[in-house]
Amino acid sequence: MTTMASPLRAARDTSVIVRRNLLRNVRLPQLLVFATVQPVMFLLLFNYVFGGAIGRAIPPAAGGEYINWLIPGLLIQVAAFGAGQTALGLTEDLSKGVIDRFRSLPMARSAVLAGRTFADVIRNGAVITLMLVVGFLIGFRWQTNILGMVGGLAVAMAFSFSMSWVMALIGLTVKNPEAVQSAVFIPVFPLVFASSVFVPTETMPSWLRAFADNQPVTAMTNAIRGLVLGEGALPVGHTVAGDVLTALAWAAGILVVFVPLAVRAYRRIT
Amino acid sequence: MSERPIVVAEGITKRFGDIVALDDVDLCIEPGMIYGLLGPNGAGKTTLIRVLTTLLRPEAGRAEVAGVDVLTDPQEARRHLGLAGQFAAVDDYLTGRENVEMVGRLYGLDAREAKRRTAEILERIGLADAADRTVRTYSGGMQRRLDLAASMVGEPQVLFLDEPTTGIDPKSRIDIWLLIQDLIARGTTILLTTQYLDEADRLADRLAVIDHGKVISEGTADELKDRLGGAVIEVSVGDDVRPQVLEALRSVCGEEPKIDPVNGSVTVAAPDGPRSLTRVVLALDEAGIVPDDIGLRKPTLDDVFLALTGHVAEEITVATEMSPGNRKRRGFAFGRSER
């Protein structure tokens, strides 16, 4: 057997695992379809049920359309919910003995988690894009330019990737595939609803607003709004560049904390 | 060099909280043999396999596979070992070929070599026709064979098979036995665990009987049977007279008789063979006891097991009572039933 330089070997093993994880989505397209149905439902319900009422409270930069305000937030919601897939996938592999097989092979130790999180960010990119297409069909238009839209997608992907590592830690800690289905929502629900995803935070009570204004989902959503709607969509005193930097700092901070924790949990599997 | 053992364990001890899963276990396996670890569910067989395959660190002891210390150099040890666990660790949505190729790549083979070996192995294990179907269309037995194929693709010197035939139908079981014998013919060393005494008897060159984390006996199947003496007497009686029968067997044979918890029959080693039997029959007749059945027979591994542990291999009763179709594997605890 040939010996390869270790970073090269790690990259190659990771790509083998990425391919394996993505093939599952290709062979079972229902997975992607149903993963898209839920966010599209959110999109339609919020836009048509609450849109009329909330529309009056949103900044004019949204062009008078709630859908324009909603889409940047939903991209982040999908990124957060989609990352739960990482926890589910890992617990399934654990319970089926696949992780044992990987751990008994002379492969790069980092490849299992890296392969899982990279595959999931690609998958979530597909779901986010599908939802964006539906958004377009029902009237979403960016108010800046295509680069702003691309930048917004990049922010959503960065968030999705960082959240995948949070979910990896949850999956490796909870271990049971059924229990993890509920566990992944525990951090995601409060973050998504107590945020600027659906409504501007100005109308929230001050204690809640203090939380909502200083948590990653709001930071990500604001960054995307700045990129696709312009500075007028941001809270007073915010700039697009400033909010994008804050968002990226959150993504980097989450990775700095959760990558080592997830790797440690992986090493401690018995 | 061929004399050097290929798997060595010395003083392996592993605890899970208060439970001692492995208690000072020694093991020494010569190259090219099938070594059987025989014991009931929970005896520590799987824990030992997990230690030897680098998945679990023991609190004490050392272990070697193919001359490599598994505790100090696990990554090197992994190059020389293959593991097929209790579950078929294969991906439902990949084809059989993709599953095996993936494992080959992760052993460090380049794409072409992984492909070549995969094709050869799938042919050898009789899955060539099904190679390009997704695994979810495979039967349980096919999945286990595919799992075995994946563990072989790196051409490891030692294969660890954890209950390779648990939960599969009798036909597939024989297929896997033949595969294991084929592997041995090619020089691979195999350590397998089993709860099935007939499987151990048929396959293993040497056996270690393990119970409550300890190796309680070690040797070839014949050696283990010989330790019981050349023959055993088995008596079937009703519950009402069993105490008197036990007493009669004890006094005639000078050994403590064992009661089989499954069928209630009483067995004891017969030190003098047929003469012991004659004396037992006379003693029973004198006491006015008419047994349902009585006979002298060669000991089986069941007798060895019963004599050594004081209980039958628990899961054997489960396995024979349940048809293969509704037999459940331990994975069911995770809410997963077998297809």
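## The largest pocket

In this predicted model, the largest pocket takes up about 1,100 Å³. A pocket here is an open set of points on a 1 Å grid over the protein atoms alone, with protein on both sides within 12 Å along at least five of seven lines, and lining residues have an atom within 4 Å of a point. Volumes are the space filled by probe spheres set on the points, with points joined across faces, edges and corners.

There are 40 lining residues, and Asp100(A), Thr270(A), Thr46(B), Arg50(B) and Phe87(B) lie nearest the centre. H1(B) gives the most to this lining, with 5 residues. Other elements supplying at least two residues each include helix H3 (66–96) of chain A and strand S2 (19–29) of chain B. Helices (H or I, at least four residues) and strands (E, at least two) are DSSP runs, numbered from the N terminus. By residue type, the lining splits into 17 nonpolar, 14 polar and 9 charged; Ala, Val, Leu, Ile, Met, Phe, Trp, Tyr, Cys and Pro count as nonpolar, Asp, Glu, Lys and Arg as charged, and the others, Gly among them, as polar.

## The second largest pocket

The second largest pocket holds about 530 Å³ of space. Its 25 lining residues include Arg24(A), Gln85(A), Gly89(A), Glu92(A) and Tyr93(B), which lie nearest the centre. Helix H1 (6–27), H3, helix H5 (111–137) and helix H7 (177–183) of chain A are the elements that give two or more residues, and H3(A) gives the most, with 6. The make-up here is 7 nonpolar, 5 polar and 13 charged.

## A cavity with both chains in its lining

The structure also has 4 cavities of 30 Å³ or more, a cavity being a set of grid points where a 1.4 Å probe fits but cannot get out. Helix H4 (98–103) of chain A and helix H3 (96–106) of chain B each supply at least two residues. This lining is 7 nonpolar, 1 polar and 2 charged.

## The chain B sheet

Over in chain B, 6 strands make an open sheet with mixed pairing, in the order S6-S7-S8-S3-S9-S10. Strands count as paired if DSSP finds at least two bridges between them. S6 (81–84) and S10 (214–219) of chain B are the edge strands with a single partner each, so one side of each has no neighbour in the sheet. From one strand to the next, the twist averages 15°.

S6(B) and S7(B) (residues 158–162) run parallel, paired over 4 bridges, and Ala84(B) has Leu161(B) as its bridge partner. Helix H5 (residues 140–152) of chain B lies across S6 and S7 of chain B, at about 165° to S6(B). Angles run from 0 to 180 degrees between N-to-C directions, with axes fitted to C-alpha atoms, for helices over the stretch in contact; contact means heavy atoms within 4.5 Å.

## Confidence and conventions

The model scores ipTM 0.87 and pTM 0.83. pLDDT is the predictor's confidence in each residue, from 0 to 100; chain B averages 85, with 90% of the residues at 70 or above. In chain B, H3(B) is highest at 97, while helix H12 (residues 314–321) is lowest at a mean of 38. Residues 314–339 of chain B stay under 50.

Residues are numbered from 1 along each chain as its sequence is written, while chains are lettered from A and ligands numbered from 1 in the order in which they are written. Local features need pLDDT of at least 70 and side-chain atom pairs count only at pLDDT 80 or more, whereas totals for chains, interfaces and linings use all residues, and side-chain values use heavy atoms, with hydrogens and water left out.
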